[in-house]
Amino acid sequence: MTIAYRSMIALTIAAALAGCDTDTAPTVPFPDKPEPLVPAPAEPFDAQIGNVTIKAVKEELVVTSNEEDDKLASVESFKGIKFANEPEHFTHSTPATLTEVMNSEGMIDATNFGDACTQARSTNFGSELELAQSQDCLNLNIWRPVGTTEQDELPVYVFIHGGDFEYGTGSNPMIHGNTVVAQGANEGNPFIMVTFNYRLGLFGTRWIKGENVDGNYGIGDQESLLQWVRENIKEFGGALGNVTLMGQGSGAMSIALLQQKVAENKLEDDYFQHAIMQSMPYGYEFNSYNSARPLLSDGLDDAEYDEIVAKQADTLDPLNKVMSWVTASALTNSNSTPMSTLMPYAPYLECSQLKEPVFGVPSSQCEEGYGQQQPVASDFVVPTVIGFNAEESNTMSMLPNLTSLIAIICDELQCFADDEPELTAQRMSEWLTSDDNQAKITSRLNELANSADLSRQLELEELVNTMSLTAYQAVTTLFYGTDNNIANELMALADFEPNSELALGGAMDNMAQYRTIVNDTLFAGPARKKAAESSQDTTLYYFDYKTSFNVWGYGISNGLPDDFGDFLKSLSCVSDACGGSELPLVFNKAIRMDGTKLSHDSSDKQLMNEISRSWFNGSLFSDANKYDKDQDQVLVIDADGMALSAPNWDKTHNPGKDDNLLEGRLTGLEESGILLSYMPE
C-alpha cells in the first residue's frame, strides 16, 4: 500500500469518525436565522403511580419537523426504576413490585439512571452520563407525555438494546425515548417508551444441566421486565393490549426467542401484541443444549464476582474467540456450524429429555430429537416488522474481528493457495495451540489497537484486503463448518467463486464476496423467507442510508477508537449502512454509540424526522406495507426517504451472475436449497 493511498484512507476514516457536517456552504448569504430554542432546565416532580409516589423529572427539548419550525416540547421521565431485585449468581430473576423497591422515605427516586449490568465495555457516555456497573442492574426507564394519567391507555413501546449479549444498556443516550415521545405527543400521537437492562456475558448466559430448564438468565430478565410492564404500565398511563416489543441486533435475537417461547406456551401470550426486529440474523445457529455445555466451568458455582468477571473477559478475548471458532470448525460437535462460538453468551436452546443414564451415571447429553428447535423454525406469533441494513456483516462483531484475525494468522502461518480449506482450518487450529504463536498474534493485535498512528493501524486493512485465495476459502469454510458442504456449494456459484490473486483486485473482490455471502445467508435471505412464510402480517424493510456521521466508536480519543474491535467496526461503517446505522434515525438523535453528540447534515435531519415518526405511529404495520411474496415489494429506506420498492425487489436489487441466481441471489439461494440448509431439522 502506497503512502499516498494510506494517507487518502486515513483522511477518509478520520473524517468519517469525526462525524463532521457535510453540507456545502452557501455562496449566497441566507437571511438571519432566528435565535435557537433553549430548553428549560430539567424539573423534578412527584408523580402518584398507584399507591406509590415516584420522584420523576420533567424534561423540555427541541422537536424538529420537516413541515414546521422547531418547537419546544416536554416529556416526563422515570429513570432507573428497579423491575427486579438483585438476583443471586446464576439464578433467574423475578419481577419486583413498586412497593418492594421504595426507599426508606416510602417513595421511589427515579430522577437518575441506574447502574448498567456488568460488562467488558465502558459505560461512561461522556461527562453528562457516567454509569457504574454492578449486578444490581435490573432497572428500567420510562418516557411519557406530560400530564399522562392512568386513564389515557397509551400505546407502549419496549426496546431491547443490542450488543451481542456482551455489552449495552437501556440507558445509552442513543436510545433515550425523550425525543420520539415528545414529538409524538406534540403531533397527536402520544405513546410511552420503555428501555431496560438485562444481564450480559457469563452473568446472563451459563449452561446448566437439566430438563426443561436453562441458564439463559438475560432472557429470563427480559421475561421479568415484560411481566412487570403487564402488571404496572397501566398505572403509568399505558395500554395493556397495545405493547410493541422492539429490538436491534441481539435485541432482535431476543425477540425471536421470546416469540418462540410464546409459540411453545412457555411465555404468556399477552405480554406484547406487535414486534419490530431490526437486524435479526435468522441465519445464526444458536447453541444447542449439548454444544453449550463448555460454558459450564468447574468451580464456578461458588465463584466470587471478580472470578466471574475474569472468566468472562477471558472468553471474550478476540484471540480466544478465534481459537474456539477454528477449533470448533475443525472438530465434530453437536451443532452444524461453529457460529455459536463467535457469540459465546448468546442464549442456548433447552432440552426436554436427557439421555438414559449409563451404568447408573446420569447423562448430561440431550436425547436426540428432544432439543429445542432453532428460532428460525418457529413462526411469528404477532404482527411483525423485520428488516436488515445494507452492510450488516461489516459490523456484526463476530465477523469483522475474526475475519481480520484470520488474515493475521494466515500472514504468520503463510497459508498457500494450493491448500485445501479443511487442511488450512486444521493447520490453524494446531498452530494456535502454541503459546508462542498466541503471543505473536496478541502482540500484533496490541500494536494495532494501541497505536496512535492511524496509518500504522491501517496495516490491518491492508492485511484483510490482501488475504490469500486460500484465506477467502478458509474463512468461508470455517464460518459454515468443515463437516458440511455449504461453503463449497456457495463458492461453486459464479457470484462467489474465488478470484485469482493474479487478477487486479482479486483479494478485495474475494472479501467483498465473503461479506455478501454473510449478508445473504444470515440476514437478508432468512428475513425475506420468514416474511414470506409467516401466518402473521409481516413488513419487510431494507435500510440503505449512510449518515454523514459514523455511528460506531466507543472511547474515541485522538479521532481513533481505543478498542481493537471498535476500530474495525468504525472502519467497516465508513462507506455504507452498517449494523446499528438506523438507530439515530429511529430515535432522532445524532449520537454515536458511545454517547458522543455529533453534527448532522440536512439530509440526515430530514430522514431522521421521517423515520422516527414512522417507527412509532403504527404505519409500519399498515396493510399497505405488508410483505407479499408474489409481489416481492420491500419497504426501502434510503436517501429518497421511505417507500415500497417496485415489484421483484430481489431480482432488481440483488441480480445474480450464476444461472441459478438470475431471479435474484436470495431467490436463487432459497430455491437451490442452500439457504438455511445447515440448520438442523
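Which elements do the buried residues of α2 pack against? The views below come from a predicted model.

**View 1. Helix α2 and its packing partners.** Helix α2 spans residues 178–186. Seven of its nine residues are buried, so the helix is largely enclosed by the rest of the structure. The buried set is Asn178, Thr179, Val180, Val181, Ala182, Gln183 and Gly184. Just after α2, glycine 188 takes a positive phi of about 80°.

View 2. Most residues other than glycine have a negative phi. Aspartate 164 is not a glycine, yet its phi is positive, at about 60°. Aspartate 164 counts as buried because its relative accessibility, 9%, is under the 20% cut-off.

**View 3. Asparagine 588 between α17 and α18.** Asparagine 588 lies in the loop that links these helices. Its phi is positive, about 55°, although asparagine 588 is not a glycine. The residue is buried, with a relative accessible area of 12%.

**View 4. Valine 38 in the loop between α1 and β1.** The loop joins α1 (3–18) to β1 (43–49). Valine 38 counts as exposed because its relative accessibility, 64%, is over 50%. Leaving aside neighbours within four places in sequence, valine 38 is in contact with Glu60 and Leu72. Lysine 71 is 33 residues from valine 38 along the chain, and their C-alpha atoms are separated by 9.9 Å.

Technical notes:
Residues numbered from 1 in each chain as written. Predicted model: local features only at pLDDT ≥ 70, side-chain atom pairs only at ≥ 80, totals over all residues. Heavy atoms only, no water. Helix = DSSP H or I, 4+ residues; strand = E, 2+ residues; numbered from the N terminus. Buried < 20%, exposed > 50% of the residue type's maximum accessible area, 1.4 Å probe, protein only. Contact = heavy atoms within 4.5 Å.
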